[in-house]
Every structure is written in structure tokens, then in C-alpha cells.
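Open the model in your viewer and keep the sequence panel beside it. At each stop you will get something to select and a note on what is there.

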Amino acid sequence: MIALDGVHKWYGEYHALVDVTADVRSGQVVVLCGPSGSGKSTLIRTLNRLEQIDAGSIRVNGQDVQAAGIDIDRMRSHIGFVFQQFNLFPHLSVLQNVACGPLWVNRACREQAYQLASELLAKVGLGQKERAYPNQLSGGQQQRVAIARALAMKPPVMLFDEPTSALDPEMVGEVLAVMKALAAEGMTMVCVTHEMKFAREVSDRVWFMDRGSLLEQADPEPFFERPSHPRAQAFLSDIRRA
């Protein structure tokens, strides 16, 4: 579903991504972890070209996302992305926020778009909030709306960039529960997160990054029990100590 080959990214003289090569199979859940500033968010943002790479290649569902002349908006419409901040339209109701993609991008008929939006809101536990506006919702509820909005485009892959980092601790669980349900349904997912319990329980693979390099790729059990790279060992040791 996703293939990265020799990916490099610079910001001026700063080498943000260093020769990253990895792949994600269809239906796989990959959790991307590492210390702050390690390049995790930069990497996930290259997968739908929110960040342009300087060398290497990235293919998502068979498409070269860096190809010249590509219709970027159309390409992004097939890759669900959930941000740290919810990025909902404040002047639209919850139902309208979820329906806007099918309506505006896919030109779906109004009845079908709103029916799909209603079903997805029920799926994320917000069927009773269809007429509410974003400012009337908690942070956890807003993030669940954002997930439903991404799902409305029926993407083959979902990307999550620290979706719980802006939430109060008591709201984290409700968002992770929705992500766990998606994983159980076989959705291909790449998640940047500091929630190590979630990573251990849900992921099929764990990618560990530091200083722009992908230092370790492993199944969750060996990664958390006996990481092979010294930097990953130190990272997990610090987490356990905390």
C-alpha cells in the first residue's frame, strides 16, 4: 500500500529525513514513534505530499505521490489524514463537516452524502451530535468528527499525525477506541503517536525514528521487550522510568 525508497528531506542545511526506506502492506497498522524532533511528522506528511521530498520515491496505492503533473488534490482525496489540531470548519455543523468531502470533491448527491455522514458519525459514537457545531464539542469529540470526515472519502489508507496530543488525558481514550475499531476492521493505518500502550496493543509494525533516520522496524512484541538499536533501548527505558 505504501512504499518509501531512499527518501531524503532537507530544510536548508538541516537533514530532516535521512535515506528512509520502508513499506506498509494493505491492512497493516504501523505506529511511528521516537523522540520529539526525530522526523516522524515530517515523514507522515510526505505520504500525501504535504511535505515535498528532495530525493527518493514514495508510492501510495501504486501511485507516485511526487510525480510531476499529478493532480495533488485528487491524490490527497484518496488518503485520509487526521491532524493534531482538528481543522474542522467552524461555520458548518458536525454533519456538514463530514459530508463536505463527498459533496464538494466527489460531487455526490446531497442525500447520499448526508446519509454516509450520518452513518459515520454513528460509527464514531457521535450520532446524537449531527446538528452541533465544532465549538459545542469537546476536543475528543472534535477529533472523532475529524476521523469521520476523513473516512467519508472512503480512503484505502488513513494517516494519523499525533491525533491525541492536543487532547486532555480523559479524552484520549475515546479517540484511541475509534482508531482501534478501524484497525480491527482492516484499515491500513500509519500513526504517529506517543501512546505506547496503543502502539503495543494495536500495531502490526513499529517504526522507530531518531534524527531523521528510521533506526528500527519491528513487530510490537520484540520492539517493546528487546529493541535492537541502542537509541530505541534508551527511548523505551526513559518511558518506563517516567
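**Stop 1: Thr 46**

Select Thr 46. Is it buried or exposed? Thr 46 counts as buried, because its relative accessibility is 0%. The scale runs like this: buried means under 20% relative accessible area, exposed means over 50%, and partly exposed is in between, with a 1.4 Å probe and protein chains only.

Before going further, note that this is a predicted model: local features need pLDDT of at least 70, side-chain atom pairs count only at pLDDT 80 or more, and totals for chains, interfaces and linings use all residues. Residues are numbered from 1 along each chain as its sequence is written, and side-chain values use heavy atoms, with hydrogens and water left out.

Now colour residues 40-46. This is helix α1, and Thr 46 belongs to it. Helices (H or I, at least four residues) and strands (E, at least two) are DSSP runs, numbered from the N terminus.

Which residues does Thr 46 contact, leaving aside neighbours within four places in sequence? Show Leu 17, Glu 51, Ile 53, Ile 58, Val 65 and Gln 66. Contact means heavy atoms within 4.5 Å.

Keep Glu 51 on screen. Lys 9, Arg 45 and Glu 51 are linked in a network of salt bridges. A salt bridge is a side-chain nitrogen of Lys or Arg within 4 Å of a carboxyl oxygen of Asp or Glu.

**Stop 2: the open sheet**

Switch to the cartoon view. Look for an open sheet of four strands, in the order β2-β1-β4-β5, with antiparallel pairing. β2 (14-24) and β5 (63-64) stand at the edges with a single partner strand each, so one side of each has no neighbour in the sheet. Two strands pair if DSSP finds at least two bridges between them.

Select residues 2-11 and 55-60. These are β1 and β4, an antiparallel pair joined over five bridges. Within this pair, Ile 2 stands opposite Val 60.

**Stop 3: salt bridges**

How many salt bridges does the structure hold? It holds ten. Visit three of them.

- Select Glu 185 and Lys 123. Their closest N and O atoms are 2.7 Å apart. Glu 185 is in the loop between α6 (169-184) and β8 (188-192), and Lys 123 is in helix α4 (residues 110-123), so the pair ties together parts 62 residues apart in sequence. Glu 185 is exposed at 52%. Lys 123 is partly exposed at 41%.
- Select Arg 231 and Asp 210. Here the closest N and O atoms are 2.8 Å apart. Arg 231 sits in helix α9 (residues 230-241) and Asp 210 in strand β9 (residues 205-210), so this bridge ties parts 21 residues apart in sequence. Arg 231 is partly exposed at 27%. Asp 210 is buried at 13%.
- Stay in α9 and select Asp 238 and Arg 241. Their side chains meet at 2.8 Å, N to O. The two are three residues apart in the helix, about one helical turn. Asp 238 is partly exposed at 43%. Arg 241 is exposed at 62%.

**Stop 4: Val 98**

Select Val 98 in helix α3 (residues 94-104). Val 98 is buried, at 0% relative accessibility. Not counting residues up to four places away in sequence, it touches Ala 117, Leu 120, Leu 121, Val 145, Ala 148, Arg 149 and Ala 152.

**Stop 5: the largest pocket**

Colour α2 (72-76), β6 (79-82), α3 and α5 (139-151): each supplies at least two lining residues.

**Stop 6: Thr 193**

Finish at Thr 193, in the loop between β8 and α7 (196-202). Thr 193 is buried at 4%. Its side chain reaches the backbone nitrogen of Glu 195 at 2.9 Å.

Technical notes
A polar contact is a pair of N or O atoms within 3.5 Å; within protein, one must be able to donate a hydrogen and the other to accept it, and residues adjacent in sequence count only if both atoms are side-chain atoms.
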